[in-house]
Amino acid sequence: MKGTEQFKQTIKAYLDKRAIEDALFAKKYIESPRTIDDVVTYILNQVKASGCCGFSDEEIYGMAVHGIDEPDLDIGKPINCNVVVNHHVELTDEEKTEQKAIALKRFQDEEFRKLEQRNKPKVKPQIEQQPQLSLFDEL
């Protein structure tokens, strides 16, 4: 899953949870014509305008809530970018097994390369010998 899709899911999960806990927000959230894509576009435009590269979860969630709370807010134009989400993603057993196999193969390949390098005879470069002139040679 791409980071941006994970970001959308994270924002949506937060807004859904917030709507369950806050009845006033729930009403605005349900009636809002904004989609999750609109909210993400608003957040990305705010991040771009700030010039900063890193934000706390609370800052981003605050922007998401603000995007829902203010119906007349200009969300800006869609931005083509990748978003990095620093949340733990749970892998399925199948994915874990696959990743272990990939890591093991990578480790074996690296160890094999090390063995080959260690066992490879070191060859000194041959320097072409120039005949040495003698003081007694005639030119």
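Contact here means heavy atoms within 4.5 Å. The structure is a predicted model, in which local features need pLDDT of at least 70, side-chain atom pairs count only at pLDDT 80 or more, and totals for chains, interfaces and linings use all residues. Residues are numbered from 1 along each chain as its sequence is written, and side-chain values use heavy atoms, with hydrogens and water left out.

Leaving aside neighbours within four places in sequence, V39 is in contact with I11, L15, A64 and I68. V39 also belongs to the largest nonpolar core, which has 21 residues. Such a core is a set of buried Ala, Val, Leu, Ile, Met, Phe, Trp, Tyr and Cys residues joined through side-chain atoms within 4.5 Å. Buried means under 20% relative accessible area, exposed over 50%, and partly exposed in between (1.4 Å probe, protein chains only). F7, I11, L15, F25, V39, I43 and I60 have the most contacts inside the core. At least two core residues come from each of α1 (3-21), α2 (23-31), α3 (36-50) and α4 (57-69). Helices are DSSP runs (H or I, at least four residues), numbered from the N terminus.

Helix α3 has 15 residues. Its first and last C-alpha atoms are 21 Å apart, close to the expected 21 Å. That expected span is 1.5 Å times one less than the number of residues. Buried residues of α3 include V40, T41, Y42 and N45. G51 follows α3, with a positive phi near 80 degrees.

T10 lies in α1. The residue is buried, at 14% relative accessible area. A polar atom of its side chain lies 2.8 Å from the backbone oxygen of Q6.

Technical notes
A polar contact is a pair of N or O atoms within 3.5 Å; within protein, one must be able to donate a hydrogen and the other to accept it, and residues adjacent in sequence count only if both atoms are side-chain atoms.
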